Amino acid sequence: MNFTITRQNLQKGLAAVSATIPGKTTLPVLSNILFEADADGIRMSATDLDVGVRIRVPADVKEAGSLTAPGKKIQEIARELPDQPVQLNSRGDQVEIRCGKSHFKLNGLPADDFPELPQVGFEGGWTAEGRDLLSLIRHTSFAVSTEESRPVLNGVLWELRDGEMRMVATNGHRLARMRIPAGPSMQTTTQLIVPPDALQQVQRLFAEDAEVSVARDGNQLGFSSGGTEVYTRLIEGTYPNYEQVIPKDNDKHAFVNRKALESAVKRVAAVASDQTHRIRMEFSQDRMVFNVLTPDLGEAHDEIEVGYDGDPISIGFNANYLLEVLRYVGTDEVKMSFKAPERAATVEPMGGEDDQVPDYLCLVMPLRLAD
Amino acid sequence: MARTIQILADSVANQIAAGEVVERPASVVKELVENALDARATRVEVAVDQGGRRRIRVSDDGTGMGREDALLSLDRHATSKIRTAEELRGVRSFGFRGEALPSIASVSRFTLETCARGEEVGTRIRVRGGTVLAVEDCARTPGTTVEVESLFLNAPARRKFLRSSAVETRAISEVLAPLSLAHPRVDLVLRSGERSLLEVPGTGDLVARVRALWGDEGADGLIPVEHDGEVAAVRGLVQRPDRARPGFRRVQLLVDGRPFRDAGILAAADRGYRTTIPQGTRPWIILFLEVPGGTADVNVHPTKAEVRFRVRGTVEADVEEAVRRALEREESAATLGSAPATGAMQARESAGPARRPSAGKGTESEGAGEAQIVLFGTVGATEPAPGPAEEEKGRGGASHEIDPGVADLLDGARGPRLWQVHRAWILAEVRSGLLLIDQHAAHERILFERIMERFDAGGEGGQRLLFPLTLRLTVPEVEMVQSLAGLLHRAGFEAEPFGGDTVILHSVPNPHPYFDAERAFREMIDELTHGSDLVRSARNQHERLAMSFACKAAIKAGQALDDQEIQELFDQLFATRLPWHDVHGRPTTVRLSLGELERKFGR
Ligand SMILES: Nc1ncnc2c1ncn2[C@@H]1O[C@H](COP(=O)(O)OP(=O)(O)OP(=O)(O)O)[C@@H](O)[C@H]1O
Ligand SMILES: [Mg+2]
């Protein structure tokens with residue numbers, strides 16, 4: 001293997017793949033980046049066995065071939081190279097790097113040791129606008145569960161059906177759901193449970209205006225656009241029926257200024273228990289009252305003006321869940337809906353007259369108030 | 001020398017709990033050594049032959065007696081230690097009955113040699129079976145020697161019950177142990193025939209004394225107790241939880257310098273250990289109680305082995321609290337090295353019992369105000385009495401410092417540097433060296449105390465679940481869930497029986513982000529239904545649930561924690577009452593002191 005590449009292209013490739021290199025691994029080859037040189041340029045790949053990233057970058061290839069080389073080291077070196085063409089060539093399992101007067105030899109490992117990334121045929125897949133995909137991911141992936149007992153909840157549910165793309169994530173305490181019309185080309189109907197780590201790579205590597213091809217092959221899912229590919233293993237299992245738990249009969253609605261609510265919650269949460277982060281909220285005619293009482297710590301009382309004309313209700317929440325949800329429901333005004341103190345509450349964005357408001361809903365389960 | 005011994009009036013004598021004073025050689029030794037200590041001896045030598053059956057000899061360098069006293073001392077109810085029934089209350093000397101010498105003299109060949117300080121000649125009195133054979137001059141240094149030969153020569157029934165020499169000799173060294181703890185400044189020697197069985201110098205170092213009596217292994221794991229309770233001031237040594245073992249243990253209780261037995265007080269001390277040691281473990285306990293005059297009645301048992309407390313409940317509570325406080329301190333934590341950091345513990349006698357204002361003159365309050373033993377010299381306001389105690393200061397006055405709290409662990413206001421290692425332990429750099437914290441054990445302690453607090457405060461609201469958990473359990477488990485419904489609710493679990501073997505969980509507590517509610521609940525109900533050492537060690541239903549919950553809900557080994565989580569765990573652990581011990585009776589923390597590190601590296 002022997003090729004010459006611009007410093008920019010080398011760095012671009014390294015930046016794309018290196019985030020997938022596992023920090024600690026028992027399989028040394030995973031610390032390496034796979035370089036594959038052919039007539040069209042080079043491909044660089046890295047994987048942690050769950051998620052893999054591959055990128056094609058232009059290079060002047062003199063001799064085709066492949067090799068793996070230590071990812072972190074090459075990155076450190078490339079960062080400080082002068083702005084001149086970089087030549088990489090292999091000598092046995094070593095890779096030689098030359099750039100201007102700089103010359104390095106790094107020990108690598110044979111390309112055969114590197115795990116093969118899945119083969120996914122993108123012809124049988126579908127496409128999605130980068131913009132849509134990124135928005136869906138951003139609004140939902142925060143809500144996945146970190147508990148190990150229900151692996152399906154560790155992923156984001158991605159549904160394609162009825163001309164819509166939806167993503168849903170929940171940890172059983174709160175849930176986020178977003179829907180986006182998929183456009184006329186979308187014929188596929190499918191349901192996937194995608195690990196958030198892979199979605200994070202998608203978010204990082206694909207631009208808003210990218211046309212992203214997506215395809216599934218058995219247990220693997222691939223994303224591809226402009227020479228960059230992300231592969232991931234899918235989470236197996238049946239996602240719980242989330243539609244069923246999203247309340248349809250919440251009849252008490254509060255219209256709240258998001259910033260005012262956010263800072264009130266932050267204020268009172270300062271005296272909430274560091275275990276439960278519990279705060280109590282009471283709604284009555286156009287008023288929202290906060291109360292927090294934590295033995296050994298103290299108490300807080302606060303109040304903001306809201307639009308509310310339902311029956312009075314008092315309900316407890318984990319302040320962290322509320323704050324998180326408010327961060328993603330981006331509009332100035334939000335709508336909170338309730339039925340009863342022990343039932344799910346929902347938070348939705350509210351737009352002005354002609355704003356484009358996303359079809360987004362967050363659900364937060366209350367904390368039971370000990371009385 | 002002026003006479004100091006008086007015959008107690010019958011009215012007083014009749015109030016004294018009397019009985020068989022002399023049961024076996026060991027009881028003779030006990031009485032004679034007590035007399036020597038009452039006489040402010042600084043050195044007591046005991047020599048026995050054939051387990052004391054042939055000969056017992058106790059010599060002291062105490063006050064000695066003039067001739068008149070020497071003769072009187074052999075009369076029944078003749079004592080210099082009390083005069084009136086009032087003085088019985090709060091009496092600080094071992095003796096007060098005036099029974100021991102006459103009883104011993106009546107069943108043996110008995111020789112008393114004594115010489116009072118400042119007298120030219122001493123007195124020798126020879127008695128056989130209670131009859132005085134001779135009273136003569138003798139030459140000796142100040143002090144007293146009592147020799148008892150042919151014990152029970154006129155009581156064949158008693159003689160028959162004596163055991164082998166070895167057994168009797170062992171009994172003799174057993175009776176010396178508590179007396180030597182009560183007077184750590186007195187040199188004590190025990191010889192059997194030609195063999196020296198015990199030789200403890202009176203340095204006042206209690207740990208050294210324990211070491212001499214009972215060996216290094218036990219003495220190495222002792223930590224100081226020091227607590228001024230509501231009525232009792234409690235000092236002493238107890239075993240570090242990680243050193244305590246099931247089975248045999250050493251226990252010594254003393255009140256106002258007097259050894260005694262008391263199951264209730266001992267149980268209170270054991271209660272102080274609750275949750276810090278596994279069930280069935282029996283820590284060593286050596287406690288010195290000081291109580292105000294009149295609180296402890298010593299006149300209840302013929303051989304003074306028991307004491308009656310006027311406010312027993314409070315004394316027990318003081319003892320429990322004293323032990324618990326000792327276990328709160330850093331010294332109670334497990335160490336990596338073999339030698340725990342028990343500082344030099346110095347006992348200091350302020351006023352020996354016989355040094356109290358001589359009987360009759362001293363008022364009761366004066367007598368009661370004197371503390372016989374002050375452990376850990378600097379603590380407390382008790383001024384050392386002039387005399388021997390003053391001299392001792394120079395060589396043994398080192399005070400024992402007790403860490404005032406966890407803030408002291410750290411240098412300044414800066415938090416410690418913390419690392420998680422192998423996803424199971426947290427390494428903390430603290431002033432004294434390194435702490436190795438077991439993340440699971442530490443979190444158990446945190447959750448246990450938190451949930452117990454919440455029980456008291458009316459309970460914890462649970463997190464409602466979007467997808468209620470449907471659990472299939474066994475029938476006894478479902479019954480357990482039902483019977484615990486109220487408590488479970490207060491712990492944050494809203495469990496609804498759904499008929500048959502099914503229970504639905506609508507809400508669950510959320511003690512940390514990695515909490516697996518279903519698994520924790522299942523394991524907890526299983527443990528509560530089928531029992532375990534842990535839940536058997538609990539005192540009541542609240543504790544049982546709290547322990548089980550803490551154990552099942554705590555962060556597990558293998559859980560990676562980020563820096564903030566590590567910090568929180570550390571802070572929360574050291575905000576608990578017993579940060580060094582988890583609820584199973586294992587350490588949460590192992591200390592590696594700088595001293596130990598330096599030793600290991602040969603510095
Ligand atoms: N070793 C000794 N040195 C000085 N005086 C002693 C010694 N042994 C006994 N006496 C004197 O003899 C008295 C009688 O001793 P004895 O042991 O019979 O009674 P006690 O110690 O007063 O009470 P008890 O029967 O409770 O031990 C003591 O009160 C004490 O004055
Ligand atoms: Mg006596």
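Val238(B), in this predicted model, is in contact with Leu222(B), Ile223(B), Val225(B), Pro283(B), Trp284(B), Ile285(B), Val323(B) and Ala326(B), once its neighbours within four places in sequence are left aside. Val238(B) belongs to strand E12 of chain B, which covers residues 233-239, and it counts as buried because 25 other C-beta atoms lie within 10 Å, where 20 or more are required. Ala219(B) lies 19 residues away from Val238(B) along the chain, and the C-alpha atoms of the two are separated by 9.6 Å.

**Chain B as a whole**

- Chain B contains 21 helices and 29 strands, and 47% of its 603 residues count as buried.
- Among the contacts in chain B with a separation of 6 or more, 72% are between residues 24 or more positions apart.

**Nonpolar cores**

- The largest nonpolar core has 148 residues, and the residues with the most contacts inside it are Ile279(A), Val364(A) and Ala550(B).
- Helix H19 of chain B, residues 541-553, supplies the largest share of this core, namely seven residues.
- Another core, of 93 residues, lies apart from the largest one and includes Val44(B), Ile82(B), Ile277(B) and Val307(B).
- Val364(A), with its neighbours within four places in sequence set aside, is in contact with Arg174(A), Phe317(A), Tyr321(A), Leu322(A), Val325(A), Ala345(A) and Val347(A).

**Where the chains touch**

- On the side of chain A, 25 residues are in contact with 21 residues of chain B.
- The chain A residues that touch chain B divide into 11 nonpolar, nine polar and five charged.

**The eight-stranded sheet of chain A**

- Eight strands of chain A form an open sheet with antiparallel pairing, in the order E6-E2-E3-E4-E17-E16-E15-E10.
- Strand E6 (65-70) and strand E10 (126-129) of chain A stand at the edges with a single partner strand each, so one side of each has no neighbour in the sheet.
- Neighbouring strands of this sheet are turned against each other by 20 degrees on average, with direction ignored.
- Helix H1 of chain A, residues 7-18, lies across strands E2 (32-38), E3 (41-47), E4 (51-57) and E17 (228-233) of chain A, and runs at about 170 degrees to E4(A).
- Helix H2 of chain A, residues 71-79, lies across E2, E3 and E6 of chain A, and runs at about 85 degrees to E6(A).

- Strand E24 (residues 333-338) and strand E25 (residues 345-350) of chain A run antiparallel and are joined by five bridges, with Val334(A) opposite Pro349(A) in E25(A).

**The five-stranded sheet of chain B**

- Five strands of chain B form an open sheet with mixed pairing, in the order E20-E29-E25-E24-E23.
- The edges of this sheet are strand E20 (334-335) and strand E23 (417-421) of chain B, each of which has a single partner strand, so one side of each is left without a neighbour in the sheet.
- Within the sheet, strand E25 (residues 433-438) and strand E29 (residues 589-593) of chain B pair in the antiparallel sense over five bridges, and Leu436(B) has Val590(B) in E29(B) as its bridge partner.
- Helix H14 of chain B, residues 439-456, lies across strand E24 (425-430) and E25 of chain B, and runs at about 75 degrees to E25(B).

**Residues with positive phi**

- Most residues other than glycine have a negative phi.
- Asp286(A), which is not a glycine, has a positive phi of about 60 degrees; Asp286(A) is placed in the loop between strand E19 (278-284) and strand E20 (287-294) of chain A, and it counts as exposed because it has 12 C-beta neighbours inside 10 Å, the limit being 12 or fewer.
- Arg423(B), likewise not a glycine, has a positive phi of about 50 degrees; Arg423(B) lies in the loop between E23 and E24 of chain B, and with 12 C-beta neighbours inside 10 Å it counts as exposed.

Key:
Residues numbered from 1 in each chain as written. Chains lettered and ligands numbered in written order. Predicted model: local features only at pLDDT ≥ 70, side-chain atom pairs only at ≥ 80, totals over all residues. Contact = placed C-beta atoms within 7 Å. Nonpolar A, V, L, I, M, F, W, Y, C, P; charged D, E, K, R; others polar. Pairing = 2+ DSSP bridges. Helix = DSSP H or I, 4+ residues; strand = E, 2+ residues; numbered from the N terminus. Axes fitted to C-alpha atoms, helices over the stretch in contact; angles between N-to-C directions. Core = buried A, V, L, I, M, F, W, Y, C linked by C-beta atoms within 7 Å.
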